[in-house]
Amino acid sequence: MDKQRFTLAVLTLVPLVVACGSQKADSGSGTGSGSVDVQRPVTGVDWRVHDITAGGTTTKVRGRPYLAFDAKSGKVGGRLGCNAVNATATVRAAQITLGRPSTTRMMCDASLMGTERALLGLFDGRVDYRVDHDTITLTSENGTIVRAVADK
């Protein structure tokens, strides 16, 4: 190979090698310098409620309660365990302001109604939130913590 072709080959490959080696793969911890860490958005995701912590006690929920925040309409909708819910929702960095909820009015099993009462405590006020990969943690002003995972 002559010197001119060799130089052209090197000049072509160097930018590719540099670009490919400039980001580290996510190790799962999200703490590595330069790591690629993609967070789910709060809106456009059905967040399936996994557990609720109130008064220092964590309870895994029964049924399939979920919340879905819609940035375009400025609303949240979902199921509380038994009944459907809708309310206004303003999502900002690390905080969501939830309006007064409107719900259907069915009576269900006591455990589902307990989940529903706890989730209704999030509404008509501000909720702090943190997204960690596929999990969102909502903390209400009264200290209730709701952990939900992105429904796949």
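I started with strand 9 (residues 135-140) and strand 10: five bridges join them and they run antiparallel. For my notes, strands pair if DSSP finds at least two bridges between them. Strands (E, at least two residues) and helices (H or I, at least four) are DSSP runs, numbered from the N terminus.

This is a predicted model, where local features need pLDDT of at least 70, side-chain atom pairs count only at pLDDT 80 or more, and totals for chains, interfaces and linings use all residues. Residues are numbered from 1 along each chain as its sequence is written, and side-chain values use heavy atoms, with hydrogens and water left out.

Back to the strands. I looked up leucine 138 and found valine 146 in strand 10 as its bridge partner. Strands 9 and 10 make a hairpin with four residues between them. In that turn I noted glycine 143, with a positive phi of about 95°.

Strand 10 (residues 145-150) also has strand 1 (residues 46-54) running antiparallel to it, joined by six bridges. There I picked out threonine 53, whose bridge partner in strand 10 is isoleucine 145.

Next, disulfides (cysteine sulfur pairs within 2.5 Å). My search of the whole structure gave one. It joins cysteine 82 to cysteine 108, S to S 1.7 Å. The pair links distant parts of the chain, 26 residues apart: cysteine 82 sits in the loop between strand 4 (75-79) and strand 5 (84-92), and cysteine 108 in the loop between strand 7 (102-103) and helix 2 (110-120). The link is right-handed, with 60° about the S-S bond.

Last, I checked exposure (buried is under 20% relative accessible area, exposed over 50%, partly exposed in between; 1.4 Å probe, protein chains only). Cysteine 82 is buried at 3%, while cysteine 108 is partly exposed at 28%.
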